[in-house]
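Visitor: Could you walk me through this structure, step by step?
Guide: Gladly, let us look together.

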Amino acid sequence: RSVRSLILMVVAMLLSGEAIAQKTVSFPTEDGGVLYANAFGKSDKAVVLAHGGQFNKESWDKQAHALAAVGFEVLALDFRGYGKSKGPGDSNPISAPLYVDVLSAVRFLRKRGAKTVSVVGASMGGWAAGDASIASRPGEIDRVVFLGAAPNEPADKLKSATLFIVARDDASGDGPRLPAIKAQYEKAPQPKELI
């Protein structure tokens with residue numbers, strides 16, 4: 001499916017209001033933490049949803065329901081320092097090794113039978129997703145979608161197919177995001193797309 005058709009399908013599911021049962025799960029991180037996440041659906045195609053710094057796992061509820069309704073298993077995680085999730089550095093999540101949380105979520109889904117795992121990360125969750133791709137074993141993370149984000153580490157080391165989505169005028173406290181995201185996009189290996 002094309003990216004645009006998948007986006008349209010997800011929007012349609014959001015508007016339809018179809019609900020999928022959710023449950024809260026927990027799993028360990030490789031550095032001694034424990035993460036809590038909301039799980040939706042069951043499939044061998046899985047998606048990890050990684051929230052931004054001002055959000056939490058519940059922020060993804062509408063998107064998680066829509067993705068589960070079209071056949072994905074979805075795991076919306078709380079990073080360490082959010083909700084009940086804990087781990088080294090959780091008192092200051094921005095400087096914590098959040099990529100470890102993403103990798104732990106991916107590996108949790110793989111152990112549950114997922115054959116493909118994609119990660120959608122918004123802002124802080126996006127750089128954590130990108131850094132997880134860089135730190136992952138080849139083939140472990142199939143795709144990464146960056147929402148207003150890019151990896152912290154050099155994008156030429158990404159091991160996953162990537163989709164960068166950013167609004168032209170999107171800005172953070174550091175100013176417009178597009179120039180830095182575009183620079184990382186240019187370094188990222190194929191396959192990649194920027195919207």
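**Rings, charges and strands**

Guide: The charged end of lysine 192 lies over the ring of tyrosine 185, 4.7 Å from its centre. A charge counts as over a ring if NZ of Lys or CZ of Arg is within 6 Å of the ring centre and within 35 degrees of the ring normal. This is a predicted model, where local features need pLDDT of at least 70, side-chain atom pairs count only at pLDDT 80 or more, and totals for chains, interfaces and linings use all residues. Residues are numbered from 1 along each chain as its sequence is written, and side-chain values use heavy atoms, leaving out hydrogens and water.

Visitor: Which residue lies over the face of phenylalanine 72?
Guide: Here, too, look over the face of a ring. At 5.1 Å from the ring centre of phenylalanine 72 sits lysine 45.

Visitor: How many aromatic pairs does the structure hold?
Guide: Rings of Phe, Tyr and Trp (its six-membered ring) pair if their centres lie within 6.5 Å; planes under 30 degrees apart count as stacked, over 60 as edge-to-face and the rest as tilted. In this structure, the number of aromatic pairs is three.

Visitor: Why is the pair of phenylalanine 27 and phenylalanine 108 called stacked?
Guide: The ring centres of phenylalanine 27 and phenylalanine 108 are 4.6 Å apart. The pair is stacked because the planes stand at 20°.

Visitor: How many residues apart in sequence are the parts that phenylalanine 27 and phenylalanine 108 tie together?
Guide: Helices (H or I, at least four residues) and strands (E, at least two) are DSSP runs, numbered from the N terminus. Phenylalanine 27 belongs to strand E1 (residues 22-28) and phenylalanine 108 to helix H3 (residues 98-111), so the pair ties together parts whose separation in sequence is 81 residues.

Visitor: Is phenylalanine 146 buried or exposed?
Guide: Buried means under 20% relative accessible area, exposed over 50%, partly exposed in between (1.4 Å probe, protein chains only). Phenylalanine 146 has a relative accessible area of 0%, so this residue is buried.
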